[in-house]
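This note sets out points on the structure shown below.

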Amino acid sequence: MTAPLLSIRDLKTYFYTEAGVARSVDGVSFDIGAGETLGIVGESGCGKSVTALSILRLIQPPGRIEPGSRIEFEGRDIVTLGDEEIRDIRGNRISMIFQEPMSALNPVFTVGDQVAEVARVHAGMSKKEAWDRAVEMLALTGIPAAEERAKQYPHQLSGGMRQRVLIAMALMMKPALIIADEPTTALDVTIQAQILELLVDLQKKIGTSILMITHDLGVIAETTSRVIVMYAGEVVEEAAVDELFAKPHHPYTEGLIHSMPHIGHDQERLNVIPGTVPAPTDWPRGCRFRDRCPYSWELCEAEHPPLYQVGVAHTSRCHIAIEPDRRNHPHTPLVVEAGVGAA
Amino acid sequence: MNDTQPLVSVRNLKKSFPIKKGVFAREVGAVQAVNDVSFDVARGETLGVVGESGCGKTTTGRTILRLIEPTSGEITFEGRDVRSMGTSELRALRREMQIIFQDPVSSLNPRMTVGSIIREGLTIHHLAEGAAADARVRQLLQEVGLRPEYATRYPHEFSGGQRQRIGIARALSVEPKFIVCDEPVSALDVSVQAQVINLLVDLQHEHDLTYLFIAHDLSVIEHIADRVAVMYLGKVVELATRDDLYREPLMPYTQALLSAVPVADPKARKDRIILQGDVPSPANPPSGCVFHPRCHHPAKDEACSRIVPPLEEKAPGHFAACIKQPPTTISWEQQKQAGGVHPPERYLPLAAVHA
């Protein structure tokens, strides 16, 4: 097997706030291969976006990437790079597509200028060259009359068009990796379908790796080949996408899949995960999902679970891997017995 | 009052917002946010209203409560004309009709305790005072799955899902018959969303509530609604029972909308109808059928851009606004006169049928 494009080992990104140390990303490790689409799924506060920002070293104080964390990309450790070197990677070798296309664009420049700027900064292209390339990329992302649109300002474009502009910008330097952080969450469902199709298409054409970050399991199922599930700052499960949906191992993954209403499935009540995500300043000891889990037992409080190997290229951070029979005897989660967050 | 009478009835509802320009705020046009919408909501049912941003679903919900004054049309609640009500009548009516908002942060006053937020309605409507009101607040909190002692805390101390429960307790406090739920779960995480949906379903059974449930998420609507109205550019383009709508969507827009939802199953069939372009501006909607520029119906032709399709019954209880989906009251002769070249034909793309 060839070396992965990006290799993250024991990434810890902590925020030193007045309320205490928020351990938002707390020992995350994973790899992305060349040309692969890896999904990270999880709910608000699980650390998925902070992981993405850490890869680009966009963490601002009071946050910092803790010593000992490693982010290896094309043979270099991003964590220890100088400012000059990291700027050379950002937007060039790794680019990012953000959730909110309006706030990611500068309102006082035309979209063409903003897309062209990427090539002027990173490839030293002339104004004319960069503009032509920008128009070419805008056309590639399916913007009709790209030449005309390039001369417009962000407010003159619809949300879907703005997201295409951001994608064009991300593709300008044909990066090795694109990080897409909830790229379709702010869009309507028919526009979301257009954008997802576009991303999948472009990836086939250009061969870029994509890190797809989302809370939407539907988006995961349709765009990724391998998935990481994050909960409370940690990776709790990793598997190939088919395997994850067919045989979720971690009770959190299981709960997440079953709590979604599915079109075409008649069900009177939705399954729920009771309770809420704990605060990052105060992760519970032992297993962080223990209070909300229907299978937890003494071991889960006593010992923080490691990532168990539970299948081929399938890992799960749940002690049930060593006592699988407990899955047949679910109990009322502790959080419900305590009388909070009732289902 | 008989039981067959709908609880809420809306007829030809219109709401336009003026577009103003220049120093003198001259009116230069109008946005037709809601354009000739009619429907009934039966007692005890949940009518889902689904559509994309700017389709007019929220404005529709708010005009029913007269939180936004409609431009024209009729709204009746238990046979009473809502539009002609004066201030005191309207206040009394608001005891019977409540709303739950999308954003659980901005819809709760950060300076008020949870207890006083919930108590406010009790005081305004003279339902309870003093110790009785305190007891009622505690009971309401329990009913929505929160601890009674939370009454003394402030909204910022709660998570999004808990705040939405507080909003629900506030709506329930005045014992309403009808609640407009305006995207009540779209700001919430998936696992919390399921908790709140289950709570709303349980409360409906316990209190005989009638819901107008507004959402952009088709899977949430399928789960909670008995009947569904699909809106596009200010109009209801399809209205049917949930089962009919999801099994056999007739309006091409509904078909595309259903097929666009990402399916959380990697093995699922992936063919889908990808609509071209964006939703046009409601300030300048297309002529004829508002959906025609993006429509994929094989019989689409010139007539679609000239004839405004009526919302008509295509099958028992299944209404759709499409002159190309038979049966239609717009005869083939009329369509030909309007430039039509393709006679209506039944079109049910496989991609639209999930079940």
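Two strands are taken to pair if DSSP finds at least two bridges between them. Helices (H or I, at least four residues) and strands (E, at least two) are DSSP runs, numbered from the N terminus.

The model is predicted: local features need pLDDT of at least 70, side-chain atom pairs count only at pLDDT 80 or more, and totals for chains, interfaces and linings use all residues. Residues are numbered from 1 along each chain as its sequence is written, while chains are lettered from A and ligands numbered from 1 in the order in which they are written.

1. Strand β10 of chain A. Six of the six residues of β10(A) (residues 226-231) are buried, so this strand is largely enclosed by the rest of the structure. Here a residue is buried if 20 or more other C-beta atoms, placed from the backbone, lie within 10 Å of its own. A:Arg226, A:Ile228 and A:Met230 point one way from β10(A), and A:Val227, A:Val229 and A:Tyr231 point the other way. In a regular strand, side chains alternate between the two faces of the sheet.

2. Neighbours of β10(A). Strand β3 of chain A (residues 37-41) runs parallel to β10(A), and four bridges join them. Within this pairing, A:Ile228 of β10(A) is the bridge partner of A:Ile40. Strand β11 of chain A (residues 234-240) runs antiparallel to β10(A), with six bridges between them. A:Met230 has A:Val235 as its bridge partner in β11(A).

3. The hairpin. Two residues lie between β10(A) and β11(A) in their hairpin, where A:Ala232 takes a positive phi near 50°.

4. Domains of chain A. The domain assignment gives domain 1 (6-224) and domain 2 (231-337); such bounds come from an automatic or database assignment. Their contact takes 20 residues from domain 1 of chain A and 15 residues from domain 2 of chain A, two residues being in contact if their C-beta atoms, placed from the backbone, lie within 7 Å. On the domain 1 side, β2 (20-32) and α8 (217-223) of chain A are the elements that give two or more residues, and β2(A) provides the largest share, ten residues.

5. Contact between chains. In total, 38 residues of chain B are in contact with 43 residues of chain A. On the chain B side, α6 (190-207), α7 (218-224) and α9 (252-260) each supply at least two residues. The largest share, eight residues, comes from α6(B).

Note on methods
Buried ≥ 20, exposed ≤ 12 C-beta atoms within 10 Å, placed from the backbone.
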